[in-house]
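Here is a structure to read together. The questions below ask what stands behind each label.

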Amino acid sequence: MPSYEDLEAQIIDSGICTVCGACILACPNSHIKFVDGKPKRPKRTLDCVSCSTCYDACYMLRRGLIQDIEASILSWGEKGSIGIYKRLLAARTKEQSIEKACQDGGIVTSLLIYALNENLIDGALVVGRDGWMPIAFIAKTRGEIISSAMTKYGTTPILKELRAAVVDHGLSRICLVGSSCHIQSIRYLQHTSLPLASAIKLTIGLFCRENYEYHCMQGKMRERGLNIEEIDKFDVSEEFNVYASGKKLSFPITEVKSCVPKHCLTCDDFASELADISIGSDGSPEGWSTVIVRTEEGEKVFSQFETSEVIETKPIHNLDYLKEIADRKREKGKQTRDMFSLREEGLEKKDIAVRLGITEERVSHRLTGI
Ligand SMILES: Cc1cc2nc3c(=O)[nH]c(=O)nc-3n(C[C@H](O)[C@H](O)[C@H](O)COP(=O)(O)OP(=O)(O)OC[C@H]3O[C@@H](n4cnc5c(N)ncnc54)[C@H](O)[C@@H]3O)c2cc1C
Ligand code: SF4
Ligand code: SF4
Ligand code: SF4
């Protein structure tokens, strides 16, 4: 029976662990911890023998299943570049306190507060921060939700908080906010009927081109003479943007490319295609959110929320751009996975570059990652 050692060898040590936290959540004996940015079982104990729970909880070992899962939750429509959806719109909050605190249109924060006030959920798994280091936590009040607003780059095992949310806080109607990888993971756990996973009643997936490892990014800011603690906001468009002391500093994305974790290089889900509702900024003007409503549950919640007058909405005009980003990510993910396969066949980097028609430098970065 495969056990923790197999999970470590196949996923964690090979660099493709997305740090979703599902294995930490699933271990019945709480042996797996979050250590130096990765899941780790510090020491082997006797009760680990003949147990495969953590191995079974990892969706990255069963990526082929994603299509089946998608078909079971999104059973209508052709799958296009940004996944299957019911409707797509631009939206932004009308509340000043949220507008000041949020990343883009503040729709994630407003929607969570609305759902909590209307008793549609009893809590949310969100990502706050210590400085700019992302920290997952359970939010049960308006203040806690607002404190989680804004994008933090860096990985955090959000799903590990689910046990405490259910067992310690007694929550049973939880909204999970996460990147595409977190959403894929919870959908897999729901598919396998992990009891704790049934407490997640709503999923909000964030768009995601790629992520940046926190300590690496901190170092890059230092090289630029910036103290990460003094930065007010980060965002990524075609450039990497940093806001501090009322100024915006933009630099080429290539400067932070070495901070992209290896698992992000193989990822091909830009628009959180398995979420009930996906939200990002690409496709909408500055200060607005792009919202993709995908499932019945998502539609039920969002259509109520829309009539609440706390947000304004308008049609999306830049759908082609959104699709282009999603297609680019899908291509990049496939290309990186091809590189790994060719390397396993024993090809050198220069031969892989020739075979795929790209530079050796690009092959080198993708294979080595960080
Ligand atoms: C790693 C990452 C990459 C992204 N890349 C893109 C992109 O390429 N294009 C694009 O259009 N949008 C991207 N987004 C989404 C975008 O940055 C905003 O989160 C989204 O537009 C929602 O804005 P908002 O104002 O509604 O969110 P807010 O109301 O400010 O709420 C933000 C929410 O994000 C959650 N969150 C913050 N950091 C993390 C994290 N590290 N992991 C998981 N959840 C987190 C918080 O829990 C909070 O609920 C990315 C987000 C992340 C986390
Ligand atoms: S007890 Fe089971 S789930 Fe926990 S670390 Fe050991 S093998 Fe994994
Ligand atoms: S379950 Fe998630 S955190 Fe654990 S090894 Fe797999 S991808 Fe990594
Ligand atoms: S690129 Fe993919 S794996 Fe990386 S954080 Fe985004 S959704 Fe997760």
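Q: What is the make-up of the shell around ligand 1, by class?
A: This is a predicted model. The shell around ligand 1 has 15 nonpolar, 14 polar and 4 charged residues. It holds 33 residues, and the closest are Cys-102, Thr-109, Val-126, Arg-209 and Gly-280.

Q: Why is α6 called largely enclosed by the rest of the structure?
A: A residue counts as buried if 20 or more other C-beta atoms lie within 10 Å of its own. In α6, 9 of the 11 residues are buried, so the helix is largely enclosed. The buried ones are Ile-107, Val-108, Thr-109, Ser-110, Leu-111, Leu-112, Ile-113, Ala-115 and Leu-116.

Q: Which residue just after α6 takes a positive phi?
A: Asn-119 does, with a phi of about 65°.

Q: What makes Gln-103 count as buried?
A: The cut-off for buried is 20 or more other C-beta atoms within 10 Å. Gln-103 has 20 such neighbours, so Gln-103 counts as buried. Its place is the loop between α5 (96–101) and α6.

Q: What does Gln-103 touch, not counting residues up to four places away in sequence?
A: Gln-103 touches Ala-149, Met-150 and Thr-151. As for Tyr-321, it sits 218 residues from Gln-103 along the chain, and the two C-alpha atoms are separated by 20 Å.

Q: Why is Glu-239 called partly exposed?
A: Buried needs 20 or more C-beta atoms within 10 Å, exposed needs 12 or fewer, and partly exposed lies in between. Glu-239 has 15, so Glu-239 is partly exposed. Glu-239 belongs to strand β9 (residues 239–244).

Q: Which residues does Glu-239 touch, leaving out those up to four places away in sequence?
A: They are Ser-250, Phe-251, Pro-252 and Ile-253.

Q: How do you know that the buried residues of α10 are on the same side of the helix?
A: Helix α10 (residues 214–223) has Tyr-214, Met-217, Gln-218 and Met-221 as its buried residues. They cover an arc of only 105° around the axis, so they are on the same side of α10. On the other side, Arg-222 and Glu-223 are exposed.

Q: What covers the buried residues of α10, and what follows the helix?
A: The cover includes β5 (133–139). Gly-225 follows α10, and its phi is positive, near 80°.

Q: Why are α13 and α15 called roughly perpendicular?
A: Angles of 65 to 115 degrees count as roughly perpendicular. Helix α13 (residues 319–344) and helix α15 (residues 360–368) pack at about 85°, with axes 10 Å apart. The two helices are therefore roughly perpendicular to each other.

Q: Which residues meet where α13 and α15 pack?
A: From α13 come Thr-336, Met-339 and Arg-343, and from α15 come Val-363, Arg-366 and Leu-367. By class, this contact has 3 nonpolar, 1 polar and 2 charged residues.

Q: What makes α4 and α9 roughly perpendicular?
A: The range for that label is 65 to 115 degrees. Helix α4 (residues 66–73) packs with α9 at an angle of about 75°, and their axes are 10 Å apart. That is why α4 and α9 are called roughly perpendicular.

Q: Which residues of α4 meet α9?
A: Ile-66, Ile-69 and Ile-73 meet Gln-184, Arg-187, Tyr-188 and His-191 of α9. This contact divides into 4 nonpolar, 2 polar and 1 charged.

Q: Which elements give two or more residues to the shell around ligand 4?
A: The shell includes Thr-18, Ser-179, Cys-208, Glu-210, His-263 and Asp-269. The elements that give two or more are α9 (180–191) and α11 (262–265). By class, the shell has 4 nonpolar, 5 polar and 2 charged residues.

Q: How do the residues around ligand 2 divide by class?
A: They divide into 6 nonpolar, 4 polar and 2 charged. Among them are Tyr-4, Cys-27, His-31, Arg-41, Asp-47 and Cys-54.

Technical notes:
Residues are numbered from 1 along each chain as its sequence is written. Chains are lettered from A and ligands numbered from 1 in the order in which they are written. This is a predicted model: local features need pLDDT of at least 70, side-chain atom pairs count only at pLDDT 80 or more; totals for chains, interfaces and linings use all residues. Helices (H or I, at least four residues) and strands (E, at least two) are DSSP runs, numbered from the N terminus. The arc is that of the directions from the helix axis to the C-beta atoms. Two residues are in contact if their C-beta atoms, placed from the backbone, lie within 7 Å. A residue is near a molecule or strand if its C-beta atom, placed from the backbone, lies within 6 Å of it. Ala, Val, Leu, Ile, Met, Phe, Trp, Tyr, Cys and Pro count as nonpolar, Asp, Glu, Lys and Arg as charged, and the others, Gly among them, as polar. Axes are lines fitted to C-alpha atoms, for helices over the stretch in contact, and angles run from 0 to 180 degrees between N-to-C directions. Angles under 35 degrees count as roughly parallel, over 145 as roughly antiparallel, 65 to 115 as roughly perpendicular and the rest as oblique.
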